[in-house]
Amino acid sequence: MTRVASLYLPQLPIERLRQIERPTRQPEPSAARAALPQPIDDDPGACSVPRGGGWRPGARWARDGALEKAELAERIARLPAHQQPPMREMGRRSEAAEHPFKAMRPDEGSPGNVALRMAAARPADRPTVLIERIGQREVITSACPLAKSLGLVPGMAAAHARALVGDLDVRDAQRDADRAWLARLALHAVRHWTPGASVSDDNGLWLDLTGTSHLFGGEERFCRKLLRFLGRLGFNANLAVSGTLGASHALARYGGGRITLLPSGREAERLAALPIAALRLEPSALVAAARFGLERIGDLYTMPRGPLARRLGLSTVTRLDQALGRAPEPVVPFEVPEVTRRLLEPVGTAESIAQVIADLIEDLVPLLQQRGLGVRSAVLTAVRVDAQRQRIAIGASRATRDARHLGRMFALRMDRIDPGLGIEEMRLTVTQSEPLGAISAAGLLAEEGRGVDLAPAIDQLAGRAGEAGVFRMACEESDVPERAVRRIAALAAPSGWPKWQRPVRMLSRPERLTHVVALLPDHAPRRFTWRGKPYQVVAGDGPERIHGEWWRRDAELWAVRDYFRVEVEGGERFWLFRRGDGVEPETGDLSWYLHGLFG
């Protein structure tokens, strides 16, 4: 069962800047201790380790018996629980002894504690916002909690924010640095927590928890461990775990809790009350939804898919299906190989279009070589000056990145492009790819017995006749002849053919014969009529009995077919069968059919 977590860091840019501002060099131990107020000790000689009062292990007055036992016990009882001595210091062995090496308390002067105390003693930070220039405007992209409490929210104009808050710290947003930090966090997650992690947006991560959460004691304990880890780094985060990426993303940002665990299959129930913005829709879709009065995700459940796609766009339907688990969505996104050419002048002739296609292929091949991929299917998109898009697609029977071969396949379908008033942009996208490694030099040499590569020829035939027009037949595990064969790819190797003979051509449906003369129950027919033409049988062989597949349909429980191979006077050979065994009426009505023709 798929389980996906979405990590949301709402204050990522601000917290990152504050981390950068923190001093990386700790103060010297001597200087740190000198800066702290020294503890007061009225009698330095009474204890070997002056502690400023209170009972401590090894104190001389506790060992020398200067105080009576009752008074000693009374003074120990008055101490706070964390300062009372363990049982082993009091001479008792009724409980386990604690570890002798204990961490120092915050008031005992370690350099790290000095830095923390100094940071806590500083006055409150100024309200801080990050801005980004969009066109001619400066817009707030992120704000610290103090700035949000003053009414400064992302999307507000920076000039308006400066007018509202006088003592405002305004800094430039660094999205590239934020993405780099998130990429490092995703790499750390892959190394320590999950086999799959990726950056989801400007302030979030995807974590694939399928089959891994039990290693940390369950999903809840894993979430708490992750939040504690981020807390030590100084980050606040929300975490949601569900069966789909869309549901986890929505619950982490709009669920209202730091940890949200949703069982698989309940995404529709939980997402119904969330706003439509939780579906990661485009801004135009959100504007259209507000115009039609759609506020919650549950409002989309009852709408027909056709009108919903026309009003809010097809991407809205896709996002809804992904959130509800009806459509797949990868945790680690794959960047599709794509190249684009924007033309200075619109083109419309066949020669100019062919030249642009060749240039696109030349740009695509090095990209495929760098990634070690080969093309299985590609789409060429031509954008005309009137914003209309023309698309043609090709498919290869085997992964390839041969530029000449790709050019020939596009040339066969180039006549389907209507340039109109001219094409100003062309884009080549690899919609399906497969790994394709390098070929050794010895493999390029001609060898005896080496088969000819039929992939280019098959691709050429498929370009002319269509992808469905070139195929190969293979055997399927079934006793019924019409179910025993299936279509496979032209280059796939068929296997499992039966040893008994079957006709070269099988009819899609058996055709009934008329005027049949035959001796029951074991003889082939003497004559019959097929498609209005009479035939006289000169030789026959059979029967071959085939029973129905009763586990598929109840009607085939008693079904029986007796097949015969016959030869007629003209030399044709047919494959006939009779329904029923000629004895039991439940097995068939004794009608005759023609099912195939031999070569």
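This is a predicted model: local features need pLDDT of at least 70, side-chain atom pairs count only at pLDDT 80 or more; totals for chains, interfaces and linings use all residues.
Close-up 1. Helices (H or I, at least four residues) and strands (E, at least two) are DSSP runs, numbered from the N terminus. G234, with a positive phi near 95°, follows α9.

Residues are numbered from 1 along each chain as its sequence is written. Local features need pLDDT of at least 70 and side-chain atom pairs count only at pLDDT 80 or more, while totals for chains, interfaces and linings use all residues; side-chain values use heavy atoms, with hydrogens and water left out.

**Close-up 2. The aromatic pair W193 and F229.** Rings of Phe, Tyr and Trp (its six-membered ring) pair if their centres lie within 6.5 Å; planes under 30 degrees apart count as stacked, over 60 as edge-to-face and the rest as tilted. The centres of the W193 and F229 rings are 5.3 Å apart and the planes are at 80°, so this pair is edge-to-face. W193 lies in the loop between α8 and β5 (196–201), and F229 in helix α9, 36 residues apart. W193 is buried at 10% relative accessibility, and F229 is buried at 18%. W193, F216, F222 and F229 form one aromatic cluster.

**Close-up 3. The aromatic pair F564 and W592.** This pair is tilted, with 5.7 Å centre to centre and 40° between the planes. F564 is in strand β19 (residues 560–568) and W592 in strand β21 (residues 592–597), 28 residues apart. F564 is buried, with a relative accessible area of 1%; W592 is buried too, at 6%.

**Close-up 4. S377 in strand β10.** Strand β10 spans residues 373–384. S377 is buried, with a relative accessible area of 16%. Its side chain makes a polar contact with the side chain of T431 at 2.7 Å. A polar contact is a pair of N or O atoms within 3.5 Å; within protein, one must be able to donate a hydrogen and the other to accept it, and residues adjacent in sequence count only if both atoms are side-chain atoms.

Conventions:
Buried means under 20% relative accessible area, exposed over 50%, partly exposed in between (1.4 Å probe, protein chains only).
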